[in-house]
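Trainee: Could you walk me through reading the place where two parts of a chain meet?
Mentor: Gladly; let's look at it together.

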Amino acid sequence: MQIVNKKIILGVTGSISAYKAAELIRLLRKSNFFVQVVMTQSAKEFISPITLQALSGNPVLENMWEPSEGNGMEHINLSRTADLIVIAPASANFMAKLANGMADDLLSNLCLARNCPLLIAPAMNLEMWNNPATQRNLKLLEKDGVLLSGPDIGEQACGEYGLGRLIELEDLMLDIKKYTSNALLKDKKILISAGGTIEKIDPARAITNLSSGLMGIALAEAAYVLGADVTLIKGNCSVNVSKSIKQIEAINHAEMQKVIEKHIQVNDIYISAAAISDYIPKLSGHKLKKDQEALQLELHKSEDILKKIGINKANFIVGFAAESENLVENAKKKLKSKNLDLIVGNLIDDSMNKRDAKTIIISKNGEVIDLDKKNKNLLAFDILSYINDAYSGDKLGEFIGRL
Ligand SMILES: Cc1cc2nc3c(=O)[nH]c(=O)nc-3n(C[C@H](O)[C@H](O)[C@H](O)COP(=O)(O)O)c2cc1C
């Protein structure tokens, strides 16, 4: 998704994790957001406004009573031009103020006077988080429509372990993108499979393939950003997935089949981006000895999960074709033989195990769209836009550019 003209007000409050605001600003700028930082007095004890000013490229605001800061009505005006206010980190004290409609500094005033959504990313000691007062405030905030990102469980600055850590910044970024996106896939349930499978030969050895899972994971994260209810079926992947994505692990053909068949009926769209073994070795109960010069493995054809689903289908199915040659011809054949609604094709040398991919998309009625070579994270948004067109019965690409 290309972020164009999106403005974030980043409120930084007095938590030990305020230093992470510096990295968050860097990530926001890298994704093209305009960032206006507003700090509380306590936040300034943890990190210097100069640092945040330099990183955001804008003067940091902190004082309601400073005539030099705008036209004197900043406490109201600031949110008028913002797409989202993000409070990260949000202290327990600031949550309490928000929940009770208090307005005794610039940040709390502009939250109260806002006419844009407000997202908070709490960060505090686990006892502060679990305290009934904080939990009561949280409920009030959620009831008032305030959006929540995190907190995470983990090691805390105080040395304790538990719930209350600031959410990982990459996960917070996904939520910020989600709440500033056009929510193209809102109300859609999407199931995506990603990665390779591992089939055991003996207790110690296995065969697998070179799928990294990058494309499927990029699709899952992009669908999340576009507001879909996403479930990722995760095979053997070489990259991490945001914790915000609902995920189920399925490491071999049998597990993939079980999980896909269990979840497909409750989803509107299934995107099959996983590379699932076509052949499964006969499993030896003991470790094979290396006393022969040549070893022959017995492989059995596995059931074609996508074909089975395509034939009995009740929902919209998107396949992937990774080919060595004759891409259009082979992808069209696969689309037809598996009764798919759409297929995304790529040449293995262009895409497999790579950050970028060059793909084509073919619809059921034979339209072929050539997509530019792109980073898979960006490409995922284009692919989802085409999927949405085809799902909605539109001509492919009719609304491209709307993301
Ligand atoms: C060293 C230190 C670390 C703190 N860390 C946190 C924290 O992580 N989360 C939190 O809610 N409060 C934390 N506090 C307490 C807040 O800074 C305090 O409640 C402050 O009044 C918050 O002000 P603000 O909400 O206006 O920014 C910490 C205080 C100190 C002295």
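Trainee: How many residue pairs are in polar contact across the interface of domain 1 and domain 2?
Mentor: A polar contact is a pair of N or O atoms within 3.5 Å; within protein, one must be able to donate a hydrogen and the other to accept it, and residues adjacent in sequence count only if both atoms are side-chain atoms. Here the rule gives 3 residue pairs, both partners at pLDDT 80 or more. This is a predicted model, where local features need pLDDT of at least 70, side-chain atom pairs count only at pLDDT 80 or more, and totals for chains, interfaces and linings use all residues. Residues are numbered from 1 along each chain as its sequence is written, and side-chain values use heavy atoms, leaving out hydrogens and water.

Trainee: Which residues form a salt bridge?
Mentor: The term needs a side-chain nitrogen of Lys or Arg within 4 Å of a carboxyl oxygen of Asp or Glu. Lys243 pairs with Asp152, with 3.5 Å between the closest N and O atoms. The count between the two domains is 1 salt bridge.

Trainee: What area do domain 1 and domain 2 bury between them?
Mentor: The size of an interface is often given as the accessible area lost when the parts come together. With a 1.4 Å probe and summing over both parts, the value is about 670 Å², 55% of it on carbon and sulfur atoms. In domain 1, Asp171, Leu174 and Lys178 lose the most area to domain 2, together 72% of what that side buries.

Definitions and conventions:
Buried area is the accessible area (1.4 Å probe) that two parts lose on being put together, summed over both.
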